[in-house]
Each structure stands twice: as structure tokens, then as C-alpha cells.
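Subject: The structure we talked about

Hi,

Here is the structure I promised to pass on. Please open it next to this email, and then read on for what I found.

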Amino acid sequence: MTGIVETLHLPQDDWNSGALVHYTDMFVSSCLSLVSYSHSFDSNSFPTMQTNFRPTTPEERAVVTALFTEGYAHTVAALGHSLRRVGVKARMVMIYIPGQISDAALCIAQTQGWEAHAVSRIPPPHNSHLVQPEFRDQYTKLQLWSLDSLGIRSLIYLDADTLVLRPILEALFDLPFTFAAVPDGIDKPLINGGALFVKTDTRIRDDMVSKLETAEYNLAWAEQNFLNLYWGGHILMLPWLFNGNVWMKFQSPNLWRGMKDELVVIHFTSAKPLPARKSVSLTLEETEKAIQFMLESQLDWEEELRWWGNEWLSMRDDSLQKLIQCVPARNATGSNLRLKAAGVPEQYW
């Protein structure tokens, strides 16, 4: 990896757009636009804005992620390292489902300061057969609203396959809105579930769960489509800078070039830094090989994947002894089997 993953660098380019600069210069101006999601579903009666708003303290704020699949342990760790690098002034909480995640995976994530918090799984509606298999645990993200039980009033949720590139604006934690998110790409007005702003309230969690079986929407994208339906016109839309979906690079290369040097959060949707959907716990050496494979097999996103690889290398070097204690080195034969199970081709073993 050394010499392949370069130092994190977000180059300036000569592409410029007055509209983009206007859109990204002040996130507050973008926050004034609410999505209109047409539906006949009686979604919710909770207020869009909070009239009894008061500022939060660092102990009442949190950046939250989820570890539902074993293979995402290293991505959660890299995300945690990026949060520490930018100096986030909030708690870092990781929700997980007991019995689905090994002690080794939890250990890897916790080396970067995540507070592990076990939550009950929320199963998908209709016996899950219409939900894509990799999304069947994602309804458990509705537990975000129940984290008021931990004393958290305001949180920013980030998917495990995101990375924080620049400091998160502290003002986000004190938005007087109940729910905010980022548009899912440039061609539709719906939100992406990979970065969410949430004012916690267990009553909202209970109400959402009570409506899962009766809500009518396309189940393919699981909780993301449900959140679009449930919140509808109550959603406060944030700029793409807070959830830079790498798919946008394919949708509009010029737009991506113009905004990438301002991204706060990058979201690896169509290009993954690791074959993380596989429930395989890899050693550090095996993970490095897997990163190399993913980088070389997704060259359309080579630059962005190098950013992630550099973050992981920095995380590994900063926490080497702790990480080794989580997943000790193993024999070569077993290593090859694990890499194969993770989907890494033989030439990288």
C-alpha cells in the first residue's frame, strides 16, 4: 500500500460555477428548501420546527453510526478516525445488534473512540421478502430516535461507508428542525439515508415502527424509502456537501469536480473501499490486500478511494497495538480462505 495510497489531498481545479458557489457557500441558505414528497399516507404529526428549542451541550450531541455487518468494522474505524482528525465536539456512538457482531469487530471499532450501544433489531415489514437482502437490518436505524435514553438530544447519523473530510459545522447540532437530510443525487427530490440529522424522541421511533406494516412504498430501498414517505414535506434539505454521494461523480463529472474540494462528508455508495458486505473478519494485513483490490477494481473512483485508503493507513498506524489485540495475525492458509470468502481474487492473497 505504501506509495499507492497517497497523502490526503483535495486538489483545486479550474472548473467554477456561480450557481454552485452560491449553493455551497452558506449551508443555511440551502436549508430553507423543504422536499415535497407526494403521498396519501398519514405520515406523522410531529412538528417540523421545535418551538421550545435550546442549544445543546457537547454531552447532548452525538455523531452516530451503525455496525450491523461484520465486514464493516474497519470502515467504522476509519470513519471514527476521520471524526477525531477533524476534532468533532460531540460524543461518538455506534449502535449494533447483539449476536450479529463479533467481539473482534466491536473491538476494532472501539479503538477509535466509538461508544458501543446495543439496540434491538427492527425487522423489515412484510416478512422482508421484498427488501434487498443487504438492507434487511437497516430498519434498525429507526432506533436513532430512541437515543434520548442516553441523554442525546441532537445527533448526526453517518453510514459506516462514509468519511469525514472537513470539520462538521457545530451549528448543525443546533438546527431548530426535527429532521434533516441530503438529496439522493441530482436527479430526484428524495433523501439519501446515509447522512441524517435527528432530534431524538423515542415517541417518534415508536410511531414509525407502528406504521411499518401499513405504509405503502417501494420496499427495495428499505428504511430510506420509508423515511421519505414518513417525513415527506417535513424534511429539511441540506446541501450535498454533507453527504457527497460518489455516484454523483458518474451523474455529473463537472459538478463533482466543482464541489469535491468542499465536501464535509463523502459517501461511498457505488464504489466501496472494502468488500464490506461479506461477514468476514480480516486481519490488518488481509484488510490492506482487500483495500488494494477494491482500489484497482474501481478505477473510476480511484482518487476518492485513495482518500479512504489513506485514512485507513493513518488509523492503522496510530492505533496499531490496539488493533493487533483485536485481531491477531493468523496462519497463511486461513488467511487465503478468509480473503476468498471476502471476495478478494487469488492474485491479491
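Let me begin with the contacts across the whole chain. Counting contacts with a separation of 6 or more, 77% are between residues 24 or more positions apart in the protein chain. Please keep in mind that this is a predicted model. The chain holds twelve helices and ten strands, and 59% of its 349 residues count as buried.

**The cores**

The largest nonpolar core has 75 residues, and within that core L83 and I266 touch the most other members. Helix α3 (residues 73-86) gives this core its largest share, seven residues. There is also a second, separate core of 39 residues, with I97, I122, F135 and I152 among its members.

Leaving out residues up to four places away in sequence, I266 touches D161, T162, L163, L165, G244, V246, W256, E304 and W307.

W307 sits in helix α10 and counts as buried, at 3% relative accessibility.

Helix α9 covers residues 284-296, which is 13 residues, and reaches 19 Å from its first C-alpha to its last, close to the 18 Å expected at 1.5 Å a residue.

How do the two helices run relative to each other? The axes of α9 and α10 (residues 302-318) come within 10 Å and cross at roughly 170°. Angles over 145 degrees count as roughly antiparallel, so α9 is roughly antiparallel to α10.

- from α9: L284, T287, E288, I291, M294 and L295
- from α10: E302, L305, R306, W308, G309, W312 and R316

By type, the residues of this contact divide into seven nonpolar, two polar and four charged.

As for burial, the buried residues of α9 are L284, E286, T287, A290, I291, Q292, F293, M294 and L295. Helix α10 is mostly covered, with twelve of its 17 residues buried. Those buried α10 residues include E304, R306, E311 and R316, as well as W307, W308 and W312.

**Two single residues**

A222 is found in helix α6 (residues 222-231). The phi angle of A222 is near 55°, a positive value in a residue other than glycine. A222 is also buried, with a relative accessible area of 0%.

Is E60 buried or exposed? E60 lies in the loop between α2 (27-30) and β1 (61-67). Its relative accessible area is 14%, and buried means under 20%, so E60 counts as buried. Residues up to four places away in sequence aside, E60 touches R54, P55, G151, I152, R153 and S154. One of these, I152, is included in the second core.

Happy to go through any of this together.

Best wishes

Technical notes:
Residues numbered from 1 in each chain as written. Predicted model: local features only at pLDDT ≥ 70, side-chain atom pairs only at ≥ 80, totals over all residues. Heavy atoms only, no water. Helix = DSSP H or I, 4+ residues; strand = E, 2+ residues; numbered from the N terminus. Expected span 1.5 Å × (residues − 1). Buried < 20%, exposed > 50% of the residue type's maximum accessible area, 1.4 Å probe, protein only. Core = buried A, V, L, I, M, F, W, Y, C linked by side-chain atoms within 4.5 Å. Contact = heavy atoms within 4.5 Å. Axes fitted to C-alpha atoms, helices over the stretch in contact; angles between N-to-C directions. Parallel < 35°, antiparallel > 145°, perpendicular 65-115°, else oblique. Nonpolar A, V, L, I, M, F, W, Y, C, P; charged D, E, K, R; others polar.
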